[in-house]
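Subject: Structure handover

Hello,

Here is the structure I promised to pass on. Please open it first, then read the notes below.

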Amino acid sequence: MTEPAAHPAARTSGGGYIGAPIPRREDARLLTGRGTFVDDLEMPGVAHAAMVRSPHAHARVRRIGTAAALALPGVLAVVTAADIADIQKPWPARMPSPVPGTLVRHGARHTLPPDKVRHAGEVVAAVVAESRALAEDACDLVTVDYDVLPVVASPAAALAPGAALVYEELGDNIAAHIVQRVGQPERAFAAADHTLRETFRVMRGGSHSMEGRGVVARYDQALDAFTVWDATQAPHAIRAMLAYLFDLPDHRVRVIAPPDIGGGLGPKASFYPEEALVCWLARRLRRPVKWIEDRLEHFVSAGQEREQVHTVEIAFSRDGTLLALRDVFTHDIGMYGALVAPVITACTVPGPYRIPNIHSELRAVYTNLPPTSAVRGAGRPQGVLVMERMMDRMAEALGLDAAEVRTRNLIPADAFPYPVGLWFRDGAPLTYDSGNYPELLRQALARADYAQARREQAGLRAQGRYRGIGVAICVEGVGLGPFEGAILRLDRRGRVVVTSGAPPQGQGYQTTFAQIAADAVGVRYEDVDVVTGDTDAIPYGVGSFASRVTANAGPAILEAGGVLREKILAVAAHLLEAAPADLEIVGAAVRVRGLPDRGVPLAQVAHLGNAGVAFGMIMPGGLPVGLEASAYFTPSQAGYSASAHVCILDVDPDTGEVAIVRYVVGHDCGNVINPLIVEGQILGGVAHGLSNALYEEAFYDEEGQNLARSFLDYPLPSAREMPRVEMFHLTTPSPINPLGVKGAGEAGTLPVPAAVAGAVEDALRPLGVRVTRLPLNPARISDLIHGA
């Protein structure tokens, strides 16, 4: 991919930083091994925790023996549910249904299970010792007596008559049943020229970020307060949960997400028992305690996602016009989870198409598998796969080209804002804010030389080669509220400091936040510092997930920056004896327009505005006290990005191997703050999507045991497997926020499984292969060929 030329404004002062491809500030530190992650934090007297985890997916805990573990030299404590009774409150429900008129049924969860375990890998006790090795040795000495119970290891098993109950108090294993309807789907199906019906299954998988979960906690006895360093995507949510469990006011729980977090991808936005246990142990021992998740723990206990089974039907006319959609699916929510992913799936299925009649029905089902969370895409890849596969089937049924069928049904550019008729996860009607889907698809097809690719495909088939072309286009809900905030101040050095609650996990906030602030205040980009992820630095925050931060924190930075600029000019006006309207910020100084020799350094402005008499200055009346401004942005609804992907690949029918020949990505995320960072996010998303499409799958047996607990059994693609990705941007600004931005963190992932599945089926169509399940690894492709 060609790197954009440096934007000239990136080297000037006072404007033009937004939209400039400025290299990330973070890169030099990370590439030279100077990053600071949770496990890098060292402090005097730190003890190390390890967890005792259940080997059973469903069992009652009768007795836990700790004497042998406590007798091991160097072991400081072993705690069970009975020991931590003071923080064994039921956890609050993670998410109510955003759809009016539906209810969610939550089973009670606690920090440690008081009666029974519900998945293999659930924590039943914690050990703390002078070293991690000692703590793990002691875990082996803890004895637990279990009464093993019947297991439900899939939604089908959980919904079967007489199935074992994950939560007896609920009476069945249904966590939620949500139905949404648009128009009159039954009438449309009855009157349609054609209908098609198919069932699709998507695998369960995890995030597998480079850095696992991790937490360090320190307790201050005098203040009865915690300081917690956590590899989390949502420090303010962690603070709220800890304050609830320990019955403390928020100001006595400080949560810090370090400046470097080795990927989040969704699961780190959740709260886990280990976070509460490490804090409890730090208070018990009166010394810092650290716990770092190892890779096996990530496989068996971190949040997972994707497992869904869809039975989908479409109705359409003989000219290829979509008339109705019916999608009924189950979502495996594990032993605990939120409705975020399946609700997003239901809203993603209609995609960029005009569909006047819709029946959407989901059942979220409790099983004895690990808890679910969002994983990059959060339900969207499944929805895109379902709809795009049916578009391919409709094209086949009518003898039309796959791209042509899509083009005929796309929402036109003059139809925005476009109401779909469903309710999105933010509790607002699903209304697309802006877009130009026909142009996005047209450009993607042109970049891929689609017509020529079809001609080449025909020639290769005549030679016995199996080449396929897959097309996928999607809409992604982004920029979710409820809010994000920013505090900007001019410090004593004359530098602007931006503080926001959302912590980065590779998105480049240190760079993009500085670009927005530099333009808003009028200072140089290099004179802006960025602080993120510290609950003591900013009182309110939501977190980094759902491609939402730039669309929420960005406008807050823009607003606060404008207010700070006015304050700076007001103080400088007093020093220069000029009107604020006659002043400008140039470089590191404020000067009178047209008089470059008449100016004052920003540091001097800061001394007066922030310190006053403390620096021997007299603070005149009427001037602002404190060169600081804060703002919180609350969007009226989510925004909607869009992507169009074209995948050209070859399949070897003898081995089942797939070789990607060409991959084109078209993307619209509204106005772009930094093209380099957006392109990096999309490339990472494509890698994740290819991993879902071709490689990774979590296997569980009927007893709920994970059979793929290492990268030997759960492959991920490396740089060697990544194809060259050709990329372009189409810009339709969002009207929802003043920056016109949407979101890009997940867009690269969403259409990939659909495009790859369509291409593989297209390649193997002469053999009668039908693709209804992912991933498409060589073994599965070989099975499909032999089965066909």
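First, a word on names: helices (H or I, at least four residues) and strands (E, at least two) are DSSP runs, numbered from the N terminus. The model is predicted, so please note that local features need pLDDT of at least 70, side-chain atom pairs count only at pLDDT 80 or more, and totals for chains, interfaces and linings use all residues. Residues are numbered from 1 along each chain as its sequence is written, and side-chain values use heavy atoms, with hydrogens and water left out.

Most residues other than glycine have a negative phi, and most peptide bonds are trans.

- P775 sits in the loop between α18 (752-763) and α19 (778-787). The bond joining L774 to P775 is a cis peptide, with omega about 5 degrees.
- P417 is in the loop between α11 (402-409) and β18 (418-423). The peptide bond from F416 to P417 is also cis, with omega near 0 degrees.
- A378 is not a glycine, yet its phi is positive, about 45 degrees. A378 belongs to the loop between β17 (357-366) and α10.

**Helix pairs**

Two packed helices are described by the angle between their axes and the distance between the axes. Axes are lines fitted to C-alpha atoms, for helices over the stretch in contact, and angles run from 0 to 180 degrees between N-to-C directions. Contact means heavy atoms within 4.5 Å.

Start with α9 (residues 340-348) and α10 (residues 380-398). Their axes come within 7 Å and cross at roughly 30 degrees. That makes α9 roughly parallel to α10. (Under 35 degrees counts as roughly parallel, over 145 as roughly antiparallel, 65 to 115 as roughly perpendicular, and the rest as oblique.) The crossing of α9 and α10 is right-handed. (Ala, Val, Leu, Ile, Met, Phe, Trp, Tyr, Cys and Pro count as nonpolar, Asp, Glu, Lys and Arg as charged, and the others, Gly among them, as polar.)

Next come α6 (residues 235-246) and α7. Their axes come within 11 Å and cross at roughly 55 degrees. That makes α6 oblique to α7. This crossing is right-handed too. From α6, the contact uses I238, L242, L245 and F246. From α7, it uses E275, A276, C279, W280 and R283. The contact of α6 with α7 has seven nonpolar, no polar and two charged residues.

**Sheets**

Strands of a sheet pair through backbone hydrogen bonds, either parallel or antiparallel. Two strands pair here if DSSP finds at least two bridges between them.

A644 stands opposite G666 in β29.

Another open sheet has three strands, in the order β24-β25-β26, with antiparallel pairing. β24 (583-586) and β26 (595-601) are the edge strands. The twist averages 35 degrees from one strand to the next. β25 (residues 589-592) and β26 share four bridges. V592 has L595 as its bridge partner in β26. Helix α15 (residues 549-576) lies across β24, β25 and β26, at about 110 degrees to β24.

**Salt bridges**

How many salt bridges does a search of the whole structure find? It finds 63. (A salt bridge is a side-chain nitrogen of Lys or Arg within 4 Å of a carboxyl oxygen of Asp or Glu.) One to look at is D260 with R29, at 2.6 Å, N to O. D260 lies in the loop between β12 (253-256) and α7 (273-285), and R29 in helix α1 (residues 26-31), so the pair ties together parts that are 231 residues apart in sequence.

Best wishes

Methods
Left-handed = near helix turned anticlockwise from the far one by under 90°.
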